[in-house]
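Have the model open while you read.

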Amino acid sequence: MFDDGRLCFGGDYNPEQWPPSVWAEDIALMRQARVNLVTVGVFAWSRLEPAPGRYTFDWLDEVLDLLHAGGIRVALATPTASPPPWFSVAHPGALPVTPEGVRLHHGSRDTYCAAAPAYRAAALRIAGALADRYAHHPALALWHVHNEYGTICHCEHTAQAFRRWLADRHGDLAALNEAWCTSFWSQHYSDWAQISTPRATQYLANPGHLLDFRRFWSDTLLAAYREQRDLLRAANPALPITTNYVLGDWVPVDHARWAGEVDLVAVDHYPSAVDIGAEEQTALVGDLARGWARHGSRDPAGAWLLMESAPGHIQTPGRMHTKEPGRMLRHSLAHVARGSRGAMFFQWRAPAGGAERFHSALVPHVGSDSRVFREATELGAALQQLAEVEGRVEAGVALVVDAASGWALHHPGLPSPRLDHRQETAAVHRALWHAGYGCDILPPGDPLDGYRLLILPALYLIDDTTAEWVREYVAAGGHLLATYLSGVADEHARVRLGGYPGALRDLLGMWVEEFHPLAEHDQVRLRGGGSGRIWTESLRLTGAEVIDSYAGGVLDGRPAVTRHRAEAGTAWYVSTRPDADTYRRLLDEVTRCAGVTPVCPGAPAGVEAVRRRSAHGSWLFLFNHTDLPQQVPARGTDLLTATPVDEAVRLPPGGVAVLREH
Ligand code: GAL
């Protein structure tokens, strides 16, 4: 019911912020831009339930009817990410508490503890009221539960729920003490009641405690989502249900685990770089989202949806950067190329007030006579022309990402504060992207058929099952590339003894004796001419050959990159973070040995190529990220311009083409 064959285009629509006189214009403009899906009501709780149990649905009735009459479908949201002021006043014990024990107050959004029974009850009540009233409304295409699950709390409700969760996970206290290594610093627990959440403490906290708290929150938030989902599903089993993922290692959500619980993986993506980094991040997020969707649905194509993005700006850490003309289209189609069933935005119309009053919108403050709205209209038309695109993204490389490894590398007490699983993933993904290799991102344990190269980017936590999964892949002839710290610790973040990386050392034919972390701006030279940053190590070889060595410094002449023939396969190890060019050269060598080829070997540097293939055909997306015209040898029909291409696609600076290939 959700997928009606069209690509989705639209975004968050907040009619509750506007007088009804604006609604008719909204719908006319949406039709003009070919908007076909809007998320409604995502922060409308106080307008839907102004007092406990008293509902005001009249305005939403009217809005949904208007949208339906305009042919615009609705992702109806449950508004539970922002409880109304009356809720906070009535249930001060459900307000969130920081690690320092400070109780936060109303005044923003997400002011609740998702482990507090009063919050859960109120959330279910409003979700149930919406389900009763709208589950069969003809405008509805999708339920959108909550907004960006990701909050943490340290209140007493949380502590109790955490203890119950720990008892379920570990069985008894002896197992917990073992997993957390509590003999260190006299932390041995003799009663469950002694365990609190990892609150602010005197010095370094226990890594096992911190890691389990993240896992607990992922499961607790998932339980809150499931309660709403089950209630919505009971009201109309035919309507699909999703929730929008927010990205980042600070989010206590294991998105891969959640993917099996949603009918559609939906992701919000806001790049933070203004240069080509924004395109690199876009590619990374598209590959991540598709990996979650494939994991959850076992559908090899892994359809997902870009639920939010910013129409007109990029939010950098310091300022809002206005997107250059054409960039909205490029970013949107880059997500579509990677499996998104459309492009959705935050938000439809820019509000006059409220915390996000200067956030960009499809209809900006100035109104529809604006560049952004004109570009939105062009995007709506482009998306309509791409409806036929389907199938699996071509990828010969599998990159492994694991939420827990990301969390564990943010713990205090590690040998360097610059260790970061997501950054390491981004670095290798970026190198693959620039060299034109298609890449799937997957969680440990997913099927590896068809991949010629498996990459573990600082996959710090490797349990025995994952170690065996990697070993079997290599034994069967696969190529493995592991970067530093992969497999150093087990699933409880306990270091595997006997030479790092304990989980992989036999496969790699070497072991690491000592770490030599680098200072922030340090760079280490390699004898092959390249350089590395962040990390170096002293390796002891037990069968691996040296591919590159350190040049200068304490590790002068010692191995930096190694390769080991292991059974029918090959295992490479990289003991530093290669700089961009070094990584490119290394990957050229690794992919050559592994037999991985670029998606479009004739594409010039700076032109991104993504190919989708199904039983019905193949489609080639080409993005010119340079400021010069470019030419790519190809044949087919350009769907965006409906013109045949006989020999080569000519792309203007910043141009995009989508070819149905012959
Ligand atoms: C998202 C959020 C939206 C809006 C947006 C601003 O994370 O879901 O509600 O706040 O950020 O970029």
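What follows is a set of numbered points, moving from helices to a strand pair and then to the rings.

1. Ground rules. This is a predicted model, where local features need pLDDT of at least 70 and side-chain atom pairs count only at pLDDT 80 or more, while totals for chains, interfaces and linings use all residues. Residues are numbered from 1 along each chain as its sequence is written, and side-chain values use heavy atoms, with hydrogens and water left out.

2. Start with helix 6, residues 156-170. Helices here are DSSP runs of H or I with at least four residues, strands are runs of E with at least two, and both are numbered from the N terminus. The expected span is 1.5 Å times one less than the number of residues. For the 15 residues of helix 6 that gives 21 Å, and the end C-alpha atoms are 21 Å apart, so the two agree.

3. Which residues of helix 6 are buried? They are T158, A159, A161, F162, R163, W165, L166 and H170. Buried means under 20% relative accessible area, exposed means over 50%, and partly exposed is in between (1.4 Å probe, protein chains only). These buried residues pack against helix 7 (173-180) and helix 8 (207-235).

4. Next, look at R294 in helix 10 (residues 277-297). R294 counts as buried because its relative accessible area is 15%. The side chains of R294 and D440 are joined by a polar contact of 2.8 Å. (That term means a pair of N or O atoms within 3.5 Å; within protein, one must be able to donate a hydrogen and the other to accept it, and residues adjacent in sequence count only if both atoms are side-chain atoms.) Leaving out residues up to four places away in sequence, R294 touches several others, including R392 and Y451; contact means heavy atoms within 4.5 Å.

5. N14 sits in the loop between strand 1 (8-13) and helix 1 (20-33). Buried or exposed? At 6% relative accessibility, N14 is buried. Setting aside residues up to four places away in sequence, N14 touches V42 and Q347.

6. Now the strand pair. Strand 27 (residues 630-633) runs antiparallel to strand 30 (residues 648-651), and four bridges join them; strands pair if DSSP finds at least two bridges between them. Q631 stands opposite R650 in strand 30. Strand 27 has Q630 and V632 on a covered face, and Q631 and P633 on an uncovered one.

7. On to the rings: there are 26 aromatic pairs in the structure. One of them, Y112 with Y119, is stacked, at 4.3 Å centre to centre and 10° between the planes. Rings of Phe, Tyr and Trp (its six-membered ring) pair if their centres lie within 6.5 Å; planes under 30 degrees apart count as stacked, over 60 as edge-to-face and the rest as tilted. Both Y112 and Y119 are buried. Ring pairs also link W45, W86, F87, Y112 and Y119 into a cluster.

8. W185 and Y203 make a tilted pair, because their planes are at 40°, with centres 5.7 Å apart. Both lie in the loop between helix 7 and helix 8, so the pair ties together parts that are 18 residues apart in sequence. W185 is partly exposed at 45% relative accessible area, and Y203 is exposed at 57%.
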